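Have the sequence and the model open as you read.

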Amino acid sequence: MNELRVTRLLLVEDDDDDYILARDYISEIPFLDISIERATNVEDALSALSRETFDLCLVDYRLGAMTGIDLLKSAKENGFSSPIIMLTSQSDEELDQIALDAGAADYLVKGELNAAQFARSIRYALARRDVESERVERVKAEQEVQAKDRFLAHLSHELRTPLTAILGYTEILLHTDAEHQTELEVIHRNGKHLLNLLNDVLDLSKIAANKLELLNVDVDINALLADVYTLMRMAAIDKGLQLNIHAPNLLPKSIKADPTRLRQILINLISNAVKFTDKGHVDITVSCSSDGVDNALIFMVQDSGIGISQVQIEQIFKPFVQVADVVTRSTGGSGLGLAISNELVRRMGGNIRVTSQLNQGSCFSVRIPIDADSDQTRVPLDVVAHAEAPSPLSDAPTLAGHVLVADDLRDIRTLIGHLISRLGPEVHFARDGQEALQKIASHQDAKQTELQPFDVIFMDIHMPIMDGVSAVKRIRATGIKTPVVALTAANMKGSREHFLTQGFNDVLSKPVDATLLTRTIKQYLPAKSENVARADNIDAPSHQKHALIVEDDADAAQAISALLQALGTHTHIEATPQGAIQALKSDTPWSHVFLDLHLGQDDGLTVADYIQLHRAKLKIVIMSGADLNPSTQNKYQFYATLKKPIQLSELSNLFT
Ligand code: ADP
């Protein structure tokens, strides 16, 4: 590989005859184009080496008062890394060793030298230099990648931790501070937007650095789809859209895949479909294609929304591309979702296809190949059974009925809706008193529609267009007796009597306590018969959960603690692994440990190790700022892994 370029050689020789001899030998070396510079003393040689780049240096041992060894040592000290070959007039084993120890590539005796030997020595030295510089380059590149990884993990953690405090407190204030709802909602929305951007940018940089690792574990298809469907259904219902899911044929019970990434892709496509559709429906179709050789799972997300033009379709998978449009601008995405999903699917060996028609709707389909050795058991799609199956944490009753939740704040509406729907009933939403009245009227008139009247209504007090008190007065004026529960901000405490006289049946203060909400709703809804026994359990004191929070950032810890308390959980904070272990040894009947893995200089996994050894039944919920590496996940089998900032709705999933 050196044959093609000029090799620059510095020949340090004070004797003219020896110089000419060496130069002749060098010029005879076949296939090597060598240009020679000469220096006659150590000083000149060192200055040439520091001034210019040489591929090789040949040094005579005797150089006036100094020796080639002096030159060798100084050159190496100055950082000269190319090979240096020592020339001497006589064979001397001791000197030979000293030269090699000082870093010489070879040691040649002038009198015994012939052209072939000379050539061999030079070629060998150059080849070794190439191998060495390749190794150095590789190590350097690896170190750079590692440094970048560390930087990203750090950055992610450092950005997420303060966001936990910002979003957590905002969520709490949203529940309690009736006066500043609009401002708080702006903070919350922007905080969440920042978080989504952060997630997307980190994902993209991981993809760019080829550092995105995909897990390959068993994924239960029905459980995954139920999870995605339950989550997205709330967003769809909230926009008045129908979200349907069906599978024309049986599906594999489980496939080998990365569940988090698969979920991310599906959520990206479905939330886009919901985001860009104002009327109609979003249909998810899951099918399995198998021609014997090529097995694949196909997820199709079809909407009846604004559609995408042919020109735009080419663009949407590129990072930061959003189809410029009034609608898109108000929806506040990052334009990175599809770029990431597309890359994730590509890494899974599949592809995403789009067909779309402007103003008619779009259809995104994802094709993911399934491993031949995936489980071959086939099952029908069953999101309902999986969605309603109580989580291992929950002893919640399964209730039947129809509930209307009226609140102008989307996040609160969906959170309360989520808490209720996990208990069993079907949830509907309204954004203000007037919309609530319309929905109540259409549901009441069962003859005209197939809708069922509501069994209970949860009504926020402060709403635009028509507030909760006016709405309940109108409801009562029309003779409708459906129970209505007022949702009030905490600073309205004491006015319970007042609300009851206005026509409300009950009052719940925000932040809504999950246990209280359950208790209240139970009074108005029938339990599904087979679950009556379980339903009676819900009020038992043993259901009060005790959570240990292990987090060194005081603000983040307080925010998480406040969120957990809002869900009716007792909390205790420790900032160090030692403190946490001490707390675990106490009498407190801990149910969960919320564990940050970066505790200053300490590793949170110490606590996980302790729990694994002594309190194996305790549920560890990891609160991580960066992605958890797959082997850690496998080793500890964490109950849940929540990415910071932790949000109320995620926590409520763990506790309801
Ligand atoms: P984001 O949704 O954050 O803007 P995406 O990468 O997910 O970013 O989508 C890029 C763009 O593609 C969107 O801004 C939108 O213009 C267009 N798009 C994606 N999905 C749909 C859809 N279902 N209907 C219409 N337009 C869509």
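This is a predicted model: local features need pLDDT of at least 70, side-chain atom pairs count only at pLDDT 80 or more; totals for chains, interfaces and linings use all residues.

Residues are numbered from 1 along each chain as its sequence is written, and side-chain values use heavy atoms, with hydrogens and water left out.

Helices (H or I, at least four residues) and strands (E, at least two) are DSSP runs, numbered from the N terminus. Two strands count as paired if DSSP finds at least two bridges between them.

Start with the open sheet: five strands in the order β2-β1-β3-β6-β7, paired in parallel. At its edges sit β2 (33–39) and β7 (106–109), each pairing on one side only. Neighbouring strands here are turned by 25 degrees against each other on average, direction ignored. Angles run from 0 to 180 degrees between N-to-C directions, with axes fitted to C-alpha atoms, for helices over the stretch in contact (heavy atoms within 4.5 Å).

| Helix | Lies across | Angle |
|---|---|---|
| α1 (residues 16–28) | β1, β2 and β3 | about 170 degrees to β2 |
| α4 (residues 93–101) | β6 (84–88) and β7 | about 145 degrees to β7 |

Inside the sheet, β1 (residues 6–12) and β3 (residues 56–60) pair in the parallel sense over four bridges; Val-12 has Val-59 of β3 as its bridge partner.

Now for the other region. β27 (residues 619–624) pairs with β28 in the parallel sense, over four bridges, and Ser-624 has Lys-643 in β28 as its bridge partner. With helix α22 (residues 630–636), β27 and β28 make a right-handed β-α-β unit: with the strands pointing away from the viewer, the path from the first strand over the helix to the second runs clockwise.
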